[in-house]
Amino acid sequence: MSKGLSTSDAKKRLEKYGPNELEKGDETTPFDVLLDQFKDNILIWILMVAAIASLYADEMAEFVFVVVIIVVVAVMGFVQEWKAEKAMQELQKMAAPSVKVYRDGKVKDVPGSKLVPGDVVKLEMGDKVPADASVVESNNLKVDESILTGESEAVTKSKEDDIYSGTVVSRGRCEAKVTKTGMNTKLGEIAGELQEETVDTPLQRKTKDLAKKVGYLAILVSIVLFAIGFWAGVERELIITVTIAVAVAVVPEALPLTMTVTLSLGMKRLATKNALVKKMLAVEGLGSTTVICTDKTGTLTKNEMTVKRVYTDQEDIKVTGSGYSPKGDVLKDGKPVEIKENKSLDLLVKAGALCNNALIQFDEGEEEVHGEPTEASLVTLSEKADYGTEALRERYPRAEEILFTSERKRMTTIHKKPDAEGHIAFMKGAPEIVIDRCTHILEGGKRKSLTEEKKKDILNRNKKYAQEAMRILAFAYREDPPVSPKEKEVEKEMTFLGLTGIIDPPREEVPRAIEKCKRAGIQVKMVTGDNSDTAKAIAKRINLTDNPRVVTGEEMDGMSEEELGDVIEDVDIYARTHPKNKSQIVKSLQSHGEVVAMTGDGVNDAPAVNHADIGIGMGIKGTDVTKEASDMILQDDNFETIEKAIEGGRTIYDNIEKFVTFLLSRNFTEVVLIASVLAITRDFYLLPLGAMQILFLNMIGQTGPGMGLGVDPPDEGIMDRPPRDPNRELLNTRNLFMISTMAITMVSMAAIAYYYGLQDNIELARTMAFTSISVMIIVNAYNFRSLEKTIGQFNPFKNKWIILASLITIPLVLMTLYYEPLQEVFGTVPLTTNQWMIAGGTGLATLGLLEVVKRITKILDL
């Protein structure tokens with residue numbers, strides 16, 4: 001009977017089960033991104049109503065101006081978010097790999113998406129498992145399941161064992177019968193958890209709340225004014241003009257644009273630091289992070305096994321370097337060892353390279369590993385010893401192999417000697433297993449009897465290495481064994497060579513990054529599938545904590561939500577976890593008011609990444625599922641990038657507070673000025689600012705300085721202060737006090753200029769008020785660079801963008817006053833020197849008054 005399915009049967013099953021693909025949400029289109037710019041944005045909707053009203057009142061200049069504002073805001077947001085979306089699509093583009101499948105009794109290359117349950121696939125070392133399957137035949141098969149479990153050690157598989165989609169064959173080969181495809185696979189189950197609706201970031205919630213409050217205020221004030229004008233019998237066109245002017249005054253037109261530019265430039269700056277942010281409003285979320293939950297394998301560590309210690313001939317030898325780079329030294333007492341002159345060490349290094357099926361290809365400083373990481377580390381040791389693994393294997397051709405299995409816990413290979421007749425066997429495996437098959441030990445270049453005392457010394461050294469979170473392998477050899485695949489004939493009367501201590505090294509930059517996070521008041525918690533001892537040792541190496549508290553996934557499974565909540569804040573390491581544990585951890589921390597960032601690369605991280613306030617995926621080693629679930633992707637997989645992103649997020653939020661306070665204090669100045677004049681005069685014709693003047697001030701006049709504040713450099717010590725309270729509003733007590741007091745101050749000064757001009761005519765009065773407020777915008781932008789420090793405590797001219805904005809704004813203001821076509825559009829008149837002194841003087845006076853307001857906020861501890 002032929003293997004596999006027939007083509008017709010496979011076609012029927014494909015119709016029944018569907019393609020072997022993970023379900024994806026609806027693809028994001030450019031139209032979707034553009035539509036997002038208008039969703040829940042009440043300020044833009046109010047501007048749209050104002051534009052329609054302007055058109056109805058035949059105020060074409062106002063209509064065009066407002067429409068341009070709407071278009072600019074929408075396009076800026078669209079361009080930046082679509083760039084991020086396209087970058088994500090590029091990261092996710094992966095051609096469906098071809099899979100060798102038995103069809104019609106023959107092996108054929110079939111796209112992975114066309115696999116169906118019942119197919120028999122052929123897999124070799126380096127292949128990605130395309131679907132869940134059951135092993136039918138295997139030869140020396142090991143599968144790297146770290147993508148699912150977080151365990152860095154490959155798992156031995158044999159007949160009838162299950163292998164899972166997304167895992168990788170790290171050694172050997174097999175034929176396997178597909179049992180589940182697509183969303184029915186274990187990978188699909190995890191991906192299914194990501195279909196839950198995501199929640200808004202803290203900034204999204206605050207921005208929407210601010211926009212709604214300002215929007216409702218604009219609607220309320222407009223309705224009241226319209227009703228008063230209508231009741232007083234004012235002409236309809238004048239009522240509409242005044243209502244539009246007030247609505248425009250209340251709405252901070254520059255706010256959406258400034259917010260968009262600030263966040264988009266923040267995204268761009270972070271991208272240059274290898275942090276790709278998918279959504280603009282997620283940038284700030286990092287700045288409010290209080291806890292980082294991070295996977296160990298591949299995030300805190302390199303997921304690159306490295307030999308760090310060798311014990312042979314009763315000597316403890318250290319090996320420098322990390323990962324699979326051949327750069328490194330073999331040292332004894334800090335001095336290089338002449339390996340070839342030390343027979344025990346020489347044979348141990350050879351045993352590690354020859355009793356081994358891994359390959360490493362070195363190309364221009366890059367290493368490409370084929371095989372199991374543990375075996376690759378032994379190849380690297382051989383390269384550090386300058387043996388040349390490929391040449392060594394050619395000199396010692398393999399004659400036989402006795403496979404490693406989880407039951408045997410050892411592997412033996414037999415090789416032809418290069419310069420003599422006969423063969424030599426090398427064994428590697430678990431220390432206690434190897435020792436039991438040894439009768440001698442190589443010491444001082446001579447075979448000596450392996451006594452019980454010597455066995456005890458070896459096992460004590462093994463225990464010491466284990467306490468340092470090392471994976472230990474023992475090595476032995478036998479001269480002239482029978483060339484046989486039978487273990488009982490070969491694996492006896494062997495000579496013990498020594499031990500190697502292998503570790504998955506921490507990333508070099510991680511300890512410093514964690515220290516910065518601690519100074520910033522951010523907790524870092526390790527969430528890993530590894531055992532407690534390994535996790536503890538790594539935690540100490542990266543300076544996470546000296547005495548970590550550990551809770552295992554099994555212990556979590558036995559806890560109620562309340563019990564987990566009682567300990568969640570105090571736990572440093574969560575070991576032996578599975579995906580649901582990780583989501584439990586994130587949700588429990590969030591229930592305690594924490595803003596949680598979750599880093600991860602494997603599929604096992606994806607659900608927790610999705611549930612976190614800020615999900616951080618890995619761009620190089622990360623899976624498509626995790627990238628899709630994340631808010632930000634580290635393009636260099638570097639934990640240190642998170643610290644830079646947090647600093648960037650904090651800077652962005654500080655700057656948002658600056659320009660929000662700056663813009664709203666200005667907008668309220670216009671509203672209070674208009675309301676005060678109308679309340680005193682009860683004359684709609686004495687409107688102190690025209691609608692086009694307000695639009696100029698709000699959009700052209702203060703957008704440049706506002707954007708300058710949005711890209712202000714970070715304050716010194718920004719990473720030495722605790723995280724901001726996530727419940728703190730943009731309009732907190734301090735900011736509201738500054739907005740209200742500055743608005744009153746500015747209104748008082750602008751009113752002086754207005755009534756000075758009103759002695760002549762209304763056009764001059766409006767021009768005086770317009771000019772006074774323009775001066776306020778320009779000069780106060782420098783002072784708003786800090787909401788706490790007075791202008792003498794920082795360099796107000798450090799921000800080149802505010803200087804540039806001033807140099808642009810000043811000539812634009814002058815053009816509205818002295819360029820006749822613009823005079824007609826904005827309703828202005830030229831000012832004399834005396835009039836400039838009044839308008840400019842009242843504007844400059846607010847600079848000193850803002851200093852007084854800052855001092856008051858400090859005295860009141862706001």
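**View 1. The surroundings of Asn356 in the predicted model.** Leaving out residues up to four places away in sequence, Asn356 touches Glu375, Leu378, Val379, Arg393, Arg398, Met411 and Lys428, where contact means heavy atoms within 4.5 Å. Asn356 sits in the loop between helix H12 (343-354) and strand E14 (359-363); helices (H or I, at least four residues) and strands (E, at least two) are DSSP runs, numbered from the N terminus. With a relative accessibility of 2%, Asn356 counts as buried, a class defined as under 20% relative accessible area, with exposed meaning over 50% and partly exposed in between (1.4 Å probe, protein chains only). The side chain of Asn356 also reaches the backbone oxygen of Gly352 at 2.9 Å. This is a predicted model, in which local features need pLDDT of at least 70 and side-chain atom pairs count only at pLDDT 80 or more, while totals for chains, interfaces and linings use all residues. Residues are numbered from 1 along each chain as its sequence is written, and side-chain values use heavy atoms, with hydrogens and water left out.

**View 2. Confidence along the chain.** The chain has a mean pLDDT of 84, and 90% of its residues reach 70 or more; pLDDT is the predictor's confidence in each residue, from 0 to 100. Over residues 90-96, pLDDT stays under 50, and the model has 9 contacts beyond four places in sequence for this stretch.

**View 3. Leu238 in helix H8.** Leu238 is found in helix H8 (residues 236-250) and is buried, with a relative accessible area of 15%. Apart from neighbours within four places in sequence, Leu238 is in contact with Phe684 and Tyr685. The C-alpha atoms of Leu238 and Val825 are separated by 17 Å, although these residues are 587 residues apart along the chain.

**View 4. The open sheet of 8 strands.** The strand order of this open sheet is E8-E28-E27-E26-E9-E23-E25-E24, and its pairing is mixed; two strands pair if DSSP finds at least two bridges between them. Strand E8 (275-277) and strand E24 (550-552) stand at the edges, each with a single partner strand, so one side of each has no neighbour in the sheet. On average, neighbouring strands of this sheet are turned by 20° against each other, direction ignored; axes are lines fitted to C-alpha atoms, for helices over the stretch in contact, and angles run from 0 to 180 degrees between N-to-C directions.

**View 5. Strand E23 and its partners.** Strand E23 (residues 523-527) is mostly covered, with 4 of its 5 residues buried. Strand E9 (residues 291-294) and E23 pair in the parallel sense over 4 bridges, and Lys525 in E23 is the bridge partner of Cys293. E23 is also joined by 2 bridges to strand E25 (residues 573-575), with the two running parallel, and here Tyr574 in E25 is the bridge partner of Val527.

**View 6. Strands E26 and E27, and helices on the sheet.** Strand E26 (residues 596-600) pairs with strand E27 (residues 614-618) in the parallel sense over 4 bridges, and Gly600 stands opposite Gly617 in E27. Helix H25 (residues 639-681) packs on the sheet, touching E8, E9, E23, E26, E27 and strand E28 (632-634), and its direction makes about 160° with that of E9. Helix H19 (residues 532-541) lies across E23, E24 and E25, running at about 150° to E25.

View 7. A search of the whole structure finds 32 salt bridges, each being a side-chain nitrogen of Lys or Arg within 4 Å of a carboxyl oxygen of Asp or Glu. One of them joins the side chains of Glu175 and Lys122 (3.5 Å, N to O); this pair links distant parts of the chain, with Glu175 in strand E7 (residues 168-180) and Lys122 in strand E3 (residues 120-124), 53 residues apart. Glu175 counts as buried at 7% relative accessibility, whereas Lys122, at 29%, counts as partly exposed.

**View 8. The salt bridge of Arg734 and Glu788.** The side chains of Arg734 and Glu788 meet in a salt bridge (3.2 Å, N to O). Arg734 lies in helix H27 (residues 733-758) and Glu788 in the loop between helix H28 (762-783) and helix H29 (800-818), so that the pair, 54 residues apart, links distant parts of the chain. At 7% relative accessibility Arg734 counts as buried, while Glu788 counts as partly exposed at 48%.

Technical notes: Polar contact = N/O pair within 3.5 Å; in protein donor to acceptor, adjacent residues only side chain to side chain.
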